[in-house]
Amino acid sequence: MHRPHMAWINITERCNNRCTYCYAKNSLHERRKIIPFDEIKKIIDKLAQIKMERCILMGGEPTLHPNIIDIFKYAWDKNLGINLITNGTRFADEKFCTEFKKVGFGAGSAIFSMHASSQADSYVITRNKMYFKLF
Ligand code: SF4
């Protein structure tokens, strides 16, 4: 039987960037809504029930959700793969990385958006001094 492949969940409208090109700039930031963890658990339960392969967490910036680590743990426990679409800025924070590492991505993945190879150029686009440096 065909297994549903992918669901997208917009878990928050919060974002720490102010990208000049933002696709959602009219709805982001001001309302700063998040989906409460209890509601996300219900969504994950439903996805697990229909044997969804994976879900994609997005926003806003999904790593700003106060329960992002719990969401990963909960999904892993339900055998649901997770992909993360992130601006990557929170991964510049060592403490956050350490917490995240304890949970791990498992079979999931993260898609980072990087706009420039220097903090100064990145700031022009994102208006955020947090900068995820790869090299
Ligand atoms: S990181 Fe994404 S959601 Fe946040 S301001 Fe930039 S384009 Fe918009």
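Which residue just after H3 takes a positive phi? In this predicted model, that residue is glycine 104, with a phi of about 80°.

**Sheet**
- An open sheet is built from four strands, ordered E1-E2-E3-E4, with parallel pairing.
- Strand E1 (6-10) and strand E4 (109-112) are the edge strands; each has a single partner strand, so one side of each is left without a neighbour in the sheet.
- From one strand to the next, the twist averages 20°.
- Strand E2 (residues 54-58) and strand E3 (residues 81-86) run parallel and are joined by four bridges.
- Opposite isoleucine 82 in E3 stands cysteine 55.

**Nonpolar core**
- The largest nonpolar core has 13 residues, of which Leu57, Ile71, Ala75, Leu80 and Ile82 touch the most other members.
- Two or more residues of this core come from each of helix H1 (37-49), E2, helix H2 (68-77) and E3.
- H2 supplies the largest share of the core, four residues.
- Apart from neighbours within four places in sequence, leucine 80 is in contact with Ile44, Leu47, Ala48, Met52, Arg54, Cys55 and Ala75.

**Helix H3**
- Helix H3 (residues 94-103) lies largely in the open, because the number buried among its 10 residues is zero.

**Ligand surroundings**
- The ligand is surrounded by 12 residues, and the closest are Cys15, Asn17, Cys19, Cys22 and Asn87.
- Classed by type, the shell around the ligand comprises six nonpolar, four polar and two charged residues.

Terms used. Residues numbered from 1 in each chain as written. Predicted model: local features only at pLDDT ≥ 70, side-chain atom pairs only at ≥ 80, totals over all residues. Near = placed C-beta within 6 Å. Nonpolar A, V, L, I, M, F, W, Y, C, P; charged D, E, K, R; others polar. Pairing = 2+ DSSP bridges. Axes fitted to C-alpha atoms, helices over the stretch in contact; angles between N-to-C directions. Buried ≥ 20, exposed ≤ 12 C-beta atoms within 10 Å, placed from the backbone. Core = buried A, V, L, I, M, F, W, Y, C linked by C-beta atoms within 7 Å. Contact = placed C-beta atoms within 7 Å.
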